[in-house]
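Student: Can you walk me through this one? I'd like to go from the loops to the sheets and then the core.

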Amino acid sequence: MKALVCNTPNALDIAEVPAPELPAGWVPVDVHRVGICGTDFHIYGGRQPYLSYPRIMGHEVSGCVAADYRGTDFRPGELVLANPYIACGTCHACRAQKPNCCENIQVIGVHRDGAMAERFTMPPENLIRAKGLTADQAAMVEFLAIGRHAVARTRIIPDAKTLIVGGGPIGLACALFARIDGGDVTVVDISDDKLAILRDGFGFKTLNTGTIDTSDLTSGFEHVFDATGNIHAMNAGLKYVAHGGTYTLVSVVKEELVFADPEFHKRETTLLSSRNALADDFRFVIDAIRDGKINTDRIGTHRTTLDGAVIDLPKWANDRDSVIKAIIEIR
């Protein structure tokens, strides 16, 4: 089959590769759409901490169950989306019903080859029927579920002042679900282009931290989320947290997280990390899209093909201010 392969950092190629293995009971899926996310940009740039090369990227995926599927869990031709986190089922986290942070987790497109190809395979429990969604919408569910999981872990207080640091796709996902849960949401970034999209396209209050005096924001928000992927921003975000508030880290970076203990302690801060998502988060997102609470037409801003991604993905990696969600159309 044809696949987009990241051979080394900053090196993409279209290659003919063997069709993926099909372990007993697994489901072959013909790919229709793959979303490009921050993880993929980080893999391309050599900044993803959990990866070895070469790698077929892609974990935000929708497709149809292949015609040659002989199992009984799905019907051939049925539109599905992937929960891309393959958990071991036996570790402490799995036994605690937290497969999203399984000790032996295998995320497609990261720990193992993913879906930027003509076909991928998954265990049936990792596929979700996409009834009522388009192929585009189904490919957006996973990244939105990341934001939903972060918000669900945080437990937003109704009307609480809520700050999202970072206006990229995950920041947007956090903002959308924090608002659905009743938060009074403000998004900050250093890009006027990103902030204009969030303000004009989605109705969020926005602030550019590159042009305002951030002392006005100090200790003002009951809930603060970091979705920047920038260690300096992650280390600095504590200053925005109100006393008694929460600080939720959605970003993953290679560097060390460092806080001044007096600042952390005097606030009695609740510090949360948020990794991946759970099945309930996927269901919540699907229902929100079906109910019209999430406008996916505004989210999908860029589009390419598998061949075109060789040029477009590097271009978008270097100019992400206008890209909310780029989608690779394969079928």
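Student: Where does Pro54 sit?
Tutor: Pro54 is in the loop between α1 (38-45) and β4. Keep in mind that this is a predicted model.

Student: And the peptide bond from Tyr53 to Pro54, cis or trans?
Tutor: The bond is cis, with omega near -5°.

Student: What sheet does β4 belong to?
Tutor: β4 is in an open sheet of 3 strands, ordered β2-β1-β4, with antiparallel pairing. The edge strands are β2 (11-16) and β4 (55-56), each of which pairs on one side only.

Student: How many bridges are there between β1 and β2?
Tutor: Strand β1, residues 2-8, pairs with β2 over 6 bridges, in the antiparallel sense. Within that pairing, Ala3 stands opposite Ala15 in β2.

Student: Which helix packs on that sheet?
Tutor: Helix α10, residues 309-317, packs there and touches β1 and β2. The direction of α10 makes about 155° with that of β2.

Student: Pick a residue on α10. What does Val310 touch?
Tutor: Val310, which is in helix α10, touches Leu4, Leu12, Asp13 and Ile14, if you leave out residues up to four places away in sequence. The C-alpha atoms of Val310 and Leu12 are separated by 5.8 Å, although the two residues are 298 apart along the chain.

Student: What about Asn276, positive or negative phi?
Tutor: Positive, about 55°, although Asn276 is not a glycine. This asparagine lies in the loop between β16 (270-273) and α8 (279-290).

Student: Is Asn276 buried or exposed, and why?
Tutor: Asn276 counts as buried because its relative accessible area is 13%, and the cut-off for buried is under 20%.

Student: You mentioned β16. What is the strand order in its sheet?
Tutor: The order is β13-β12-β11-β14-β15-β16, an open sheet of 6 strands with parallel pairing. β13 (205-208) and β16 stand at the edges with a single partner strand each, so one side of each is left without a neighbour in the sheet. From one strand to the next, the twist averages 20°.

Student: How many bridges join β15 to β16?
Tutor: 4 bridges join these parallel strands. Leu249 has Ser273 in β16 as its bridge partner.

Student: And Thr246, which strand is that in?
Tutor: Thr246 is in β15, residues 241-249. Apart from neighbours within four places in sequence, Thr246 is in contact with Thr154, Glu222, His223, Val224, Val241 and Thr270. Thr246 counts as buried because its relative accessibility is 10%.

Student: What lies across β12 and β13?
Tutor: Helix α5, residues 192-202, lies across β12 (184-189) and β13, and runs at about 170° to β13.

Student: On to the core. How many residues are in the largest nonpolar one?
Tutor: The largest nonpolar core has 88 residues, and those with the most contacts inside it are Met116, Phe120, Leu127, Leu144 and Ile299. Helix α3 gives the most to this core, with 10 residues. There is also a second, separate core of 14 residues, which includes Leu163, Val165, Met234 and Val253.

Student: What is Leu144 in contact with?
Tutor: Setting aside neighbours within four places in sequence, Leu144 contacts Ala173, Leu176, Phe177, Val285, Ile289, Ile294 and Ile299.

Student: How many residues of α3 are buried?
Tutor: 18 of its 20 residues are buried, so α3 is mostly covered.

Student: What span does α3 have, and where does it bend?
Tutor: α3, residues 135-154, reaches 30 Å from its first C-alpha to its last, close to the 28 Å expected at 1.5 Å a residue. The helix α3 bends by about 35° at Val141.

Student: What follows α3?
Tutor: Arg155 follows α3, and its phi is positive, near 60°.

Notes: Residues numbered from 1 in each chain as written. Predicted model: local features only at pLDDT ≥ 70, side-chain atom pairs only at ≥ 80, totals over all residues. Heavy atoms only, no water. Pairing = 2+ DSSP bridges. Helix = DSSP H or I, 4+ residues; strand = E, 2+ residues; numbered from the N terminus. Contact = heavy atoms within 4.5 Å. Axes fitted to C-alpha atoms, helices over the stretch in contact; angles between N-to-C directions. Expected span 1.5 Å × (residues − 1). Bend = angle between axes of the 7 residues up to and from the residue. Buried < 20%, exposed > 50% of the residue type's maximum accessible area, 1.4 Å probe, protein only. Core = buried A, V, L, I, M, F, W, Y, C linked by side-chain atoms within 4.5 Å.
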